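Here are some friendly notes to read with the model open beside you.

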Amino acid sequence: MALAGCSSAAKDQPDETLASPSATAVESATAAAATAASAPSEEPETHAAVTHIPPSAAATADLSDVTCSADQAGSWTFEATVNNPGDTPRRYTVAVAVIVNAVVQGHAMIAVEVPAKGTKPVVAKDFATTAEPGAVCEPVMSVED
């Protein structure tokens, strides 16, 4: 199973449905956040600004154009593009969480089927609410071959 981040949607409605998260996805997102928090890095802007999330140990090249942002009220939206470089269709699951001081403020899971050599946008709107300084958006992606 490979891990990666999330992608942006071309329209207001995602191509795939937003599913309720599982405990495993939340644990994975929380573990990724803890790992990211312990590594020296620049603190991303999170309140009323777009946070661009670069690839990391918890993300593969199959996820691109990742943004996660909060509006003035602290409502978070995640967008990304899932890329399937393979010769066969693949099912990807994207988990995303907003974390403040190792506490999950909100999370979502998105499952998407991506055709061979294709891409699909993924979106999770208003999946978390927090205007706390230091909030971090953490995506994790798995793929079934």
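1. Please start with the cysteines: cysteine 68 and cysteine 137 form a disulfide, with 2.0 Å between their sulfur atoms. The term is used here for a pair of cysteine sulfur atoms within 2.5 Å. The link has 75° about the S-S bond and is right-handed. It ties together distant parts of the chain, since cysteine 68 sits in strand 3 (residues 63–70) and cysteine 137 in strand 8 (residues 136–144), 69 residues apart. Strands (E, at least two residues) are DSSP runs, numbered from the N terminus. A search of the whole structure finds 1 disulfide.

2. A word on what you are looking at. This is a predicted model, in which local features need pLDDT of at least 70, side-chain atom pairs count only at pLDDT 80 or more, and totals for chains, interfaces and linings use all residues. Residues are numbered from 1 along each chain as its sequence is written, and side-chain values use heavy atoms, with hydrogens and water left out.

3. How far does the predictor trust the model? pLDDT is its confidence in each residue, from 0 to 100. The protein chain averages 73, and 58% of the residues score at least 70. Among its elements, strand 7 has the highest mean pLDDT (97) and strand 1 (residues 18–19) the lowest (42). Please read two stretches with this in mind: pLDDT stays under 50 over residues 1–49, and also over residues 54–59.

4. Strand 3 and strand 4 run antiparallel, joined by 6 bridges; strands pair if DSSP finds at least two bridges between them. They form a hairpin with 4 residues between them, and glycine 74 in the turn has a positive phi of about 90°. Leucine 63 stands opposite valine 82 in strand 4.

5. Do look at aspartate 62, in the loop between strand 2 (50–52) and strand 3. Aspartate 62 counts as buried because its relative accessibility is 12%. Its side chain makes a polar contact of 3.2 Å with the side chain of tyrosine 92. A polar contact is a pair of N or O atoms within 3.5 Å; within protein, one must be able to donate a hydrogen and the other to accept it, and residues adjacent in sequence count only if both atoms are side-chain atoms.

6. Finally, asparagine 84 lies in the loop between strand 4 and strand 5. Asparagine 84 has 2% relative accessibility, so it counts as buried. A polar atom of the asparagine 84 side chain lies 2.8 Å from the backbone nitrogen of glycine 86. Leaving aside neighbours within four places in sequence, asparagine 84 is in contact (heavy atoms within 4.5 Å) with residues including Pro89, Arg90, Tyr92 and Val114.

Methods: Buried means under 20% relative accessible area, exposed over 50%, partly exposed in between (1.4 Å probe, protein chains only). pLDDT is the predictor's confidence in each residue, from 0 to 100.
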